[in-house]
Amino acid sequence: MNATPRYNLTELLACAAAGLLEDGRSVFVGTGFPIVAGMLAQRTHAPGLLIIFEAGGIGPRVPVLPISVGDSRTYYKASAASSMHDVMSAAQAGYVDYGFLGGAAMDRFGNINTTVIGDWKHPKARLPGSGGASDVGSNCWQTIVVMRKQSKQTFVNKLDFLTTPGYLSGPGARERAGLPAGSGPYRVITQLGIYGFDDESKCLTLLSLHPGVTVEQVQEASEFEILIPAEVGTTPEPQEEQLRILRQIDPQGLVIGK
Amino acid sequence: PVRTMLGTDTLKYSSGKVVEDPWSGKPIALLPACYPDVALFHVHRCDMYGNAQLDGILIEDFELARAARRLILTTEKIIDHAEVENQPWRTSIPFYLVDAVIEVPFGAHPTEMPTQYYFDEEHIAHWLEVSKTPEGTVNYFEEYVFGVPDYTAYLEKIGGQKKWDHLKQVMDLKDDSGGEA
């Protein structure tokens, strides 16, 4: 990393996440980081990105960072402002392309645990549970998992609790369980790199390393083996313009300040 | 029926069931309905019969009003029934669902009332701070809930008309803390 880092990890992750969102498509966002990534994409390469909030805001021009998904900013200059039932139904009907997810732990198939660490009846830690995430992970065509702390504790062989479905037990498992065919985790972004999922095995595959990160560091920070293709790219650093917009979206650094 | 949570522990540990969809043959999850004894929420306008109109997103008020056995509405303003008759399509909660209506202007404080006033982030920050401890929580309720004779006294305590006007400005993005991008 250069001597005086122009950006922090959250800004790098936000630019990487925004870059995945194509213009003219739709994305399900929750509070915090996903909103920032969606707004950055909307104000740079994807002005036609349809941002959808779980409480009912559909296609807003978000003026300033909302403090909750029900915040009236989530439908400022929007196309529609309906309800949670309407938006969740749209996701089930297949209208939503991307969805953001986070989690305490993830396995090689992109399944996520946000419910308990340890035994369900006597947990070491009780986590918030799925919230809208299970709807996102079940119904969005391509979900993007953002995890700031990739390590042996967060990239695990076996989850203590499977809260949100990734590819479940592997190829075809989503479809057998009744989830939409062809849907599932698309990318994973951590503090070390950006990952995809191998088409055949549905296992986590490294796509690009963040600046200054090595393949060894990536393998070291995971209980399971991450597939390493011959060609691995380098994540582009945030540009000045992206940083300027990020700091305009979140002037108080509520999200990008962390 | 929902096509959500299939294959997860979230569903396994829930009271949901998985059945084969008789039409598509695919598995689908069935979730039991919920019947809260009482639902209570704040609406923009309501006539004396209980016909309530809300501006902005409904979030889950539409379903909640219909699921609860008893429904109590507080409202910014009780309006004439004639006003409802002029625009009946705006009524999202019809009278037959409603058991009680109470007019409580500024009644959503410290949360926002879409199109009317924004979150009182200062007060919410205070609550988040003091409610970190049981004592702090008890003190908060003593000071702002049980320790005030009525809602008007509560409003005076949190900043009264001056605070209300400020939060209207913030809602309309005419204030620095909510500045237009």
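Leu173(B) lies in the segment after helix H7 (160–171) of chain B; helices here are DSSP runs of H or I with at least four residues, strands are runs of E with at least two, and both are numbered from the N terminus. Leu173(B) has 16 other C-beta atoms within 10 Å and is therefore partly exposed. A residue counts as buried with 20 or more other C-beta atoms within 10 Å of its own, as exposed with 12 or fewer, and as partly exposed in between, the C-beta atoms being placed from the backbone. The C-alpha atoms of Leu173(B) and Ile59(B) are 22 Å apart, and 114 residues separate the two along the chain.

The model is predicted: local features need pLDDT of at least 70, side-chain atom pairs count only at pLDDT 80 or more, and totals for chains, interfaces and linings use all residues. Residues are numbered from 1 along each chain as its sequence is written, while chains are lettered from A and ligands numbered from 1 in the order in which they are written.

Chain B also holds an open sheet of five strands in the order E6-E4-E3-E5-E7, with mixed pairing. Two strands pair if DSSP finds at least two bridges between them. Strands E6 (91–93) and E7 (100–103) of chain B each have a single partner strand, so one side of each is left without a neighbour in the sheet. Strands E3 (residues 38–47) and E5 (residues 70–79) of chain B run parallel and are joined by nine bridges. Val43(B) stands opposite Thr75(B) in E5(B).

In chain A, helix H1 (residues 9–20) packs against helix H2 (residues 33–42) at an angle of about 60 degrees, with the axes 8 Å apart. Axes are lines fitted to C-alpha atoms, for helices over the stretch in contact, and angles run from 0 to 180 degrees between N-to-C directions. H1(A) and H2(A) are therefore oblique to each other; under 35 degrees counts as roughly parallel, over 145 as roughly antiparallel, 65 to 115 as roughly perpendicular and the rest as oblique.
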